[in-house]
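Visitor: I have a model open and would like to go through its side chains. Can we start with the charged ones?

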Amino acid sequence: MVELHIASCVARIRPEAMDAAVVQIESTIGCEISARDAIGKVVIVIEGASTGALLDQMDEIRKIPGVLNVEMVYQHAEEESVLKELLP
């Protein structure tokens with residue numbers, strides 16, 4: 001059984017570092033920015049093979065200059081075969 005884990009996270013980033021941090025986050029495998037604002041809040045969707053992989057990706061985001069905090073808001077795991085049936 002192969003699972004896909006999906007998490008949403010909220011990050012706080014220094015506004016002056018926002019553009020550079022967003023580029024680095026989006027270049028991290030499995031990470032996508034789904035929303036951001038001008039004062040430094042960013043919503044990130046992360047996909048990975050396990051909960052541990054998601055946490056490792058969050059740790060990598062925390063290392064990016066200007067990132068103040070990353071919090072997981074939601075996580076879901078599903079068998080990949082089920083997702084392939086549901087998604088076109």
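Visitor: How many salt bridges does a search of the whole structure find?

Guide: The search finds three. Keep in mind that this is a predicted model.

Visitor: Which residue does Asp19 meet in a salt bridge?

Guide: Asp19 pairs with Arg36 through their side chains, at 2.8 Å from N to O. The two residues are 17 apart and link distant parts of the chain: Asp19 belongs to helix 1 (residues 18-26), Arg36 to strand 2 (residues 31-36).

Visitor: Is Asp19 buried or exposed?

Guide: Asp19 is exposed, because its relative accessibility of 55% is over the 50% cut-off. Arg36 has 43% and counts as partly exposed.

Visitor: Next, what forms a salt bridge with Arg62?

Guide: Asp59 does, with 2.9 Å between the closest N and O atoms.

Visitor: Where do Arg62 and Asp59 lie?

Guide: Both are in helix 2 (residues 51-62), three residues apart, or about one turn of the helix. Arg62, at 36% relative accessibility, is partly exposed, and so is Asp59 at 37%.

Visitor: And which residue meets Lys63 in a salt bridge?

Guide: That is Glu60, with an N to O distance of 3.1 Å between the side chains. Lys63 is exposed, with a relative accessible area of 61%, whereas Glu60 is partly exposed at 40%.

Visitor: Leaving charges aside, which residues make the nonpolar surface patch?

Guide: Val10, Val43, Val73 and Tyr74 make a patch of about 330 Å².

Visitor: Where is Val73 found, and is the residue buried or exposed?

Guide: Val73 is in strand 4 (residues 67-79). The residue counts as exposed, with 56% relative accessibility.

Visitor: Now His5. Where does His5 lie?

Guide: His5 is part of strand 1 (residues 3-13).

Visitor: Why does His5 count as buried?

Guide: His5 counts as buried because its relative accessibility is 7%, and the cut-off is under 20%.

Visitor: What polar contacts does the His5 side chain make?

Guide: One is with the side chain of Glu3, at 3.1 Å. Another is with the side chain of Gln75, at 3.0 Å.

Visitor: Which residues does His5 touch, not counting those up to four places away in sequence?

Guide: His5 touches Ile46, Glu47, Gly48, Ala49, Ser50, Thr51 and Leu54, along with Gln75, His76 and Ala77. Gln75 is also a polar contact partner of the His5 side chain.

How values were computed: Residues are numbered from 1 along each chain as its sequence is written. This is a predicted model: local features need pLDDT of at least 70, side-chain atom pairs count only at pLDDT 80 or more; totals for chains, interfaces and linings use all residues. Side-chain values use heavy atoms; hydrogens and water are left out. A salt bridge is a side-chain nitrogen of Lys or Arg within 4 Å of a carboxyl oxygen of Asp or Glu. Helices (H or I, at least four residues) and strands (E, at least two) are DSSP runs, numbered from the N terminus. Buried means under 20% relative accessible area, exposed over 50%, partly exposed in between (1.4 Å probe, protein chains only). Patches are made of residues with over 30% relative accessible area and no salt bridge: like charges are joined within 9 Å, nonpolar side chains (Val, Leu, Ile, Met, Phe, Trp, Tyr) within 5 Å. Accessible areas come from the Shrake-Rupley method with a 1.4 Å probe; for residues, only the protein chains shown count as cover. A polar contact is a pair of N or O atoms within 3.5 Å; within protein, one must be able to donate a hydrogen and the other to accept it, and residues adjacent in sequence count only if both atoms are side-chain atoms. Contact means heavy atoms within 4.5 Å.
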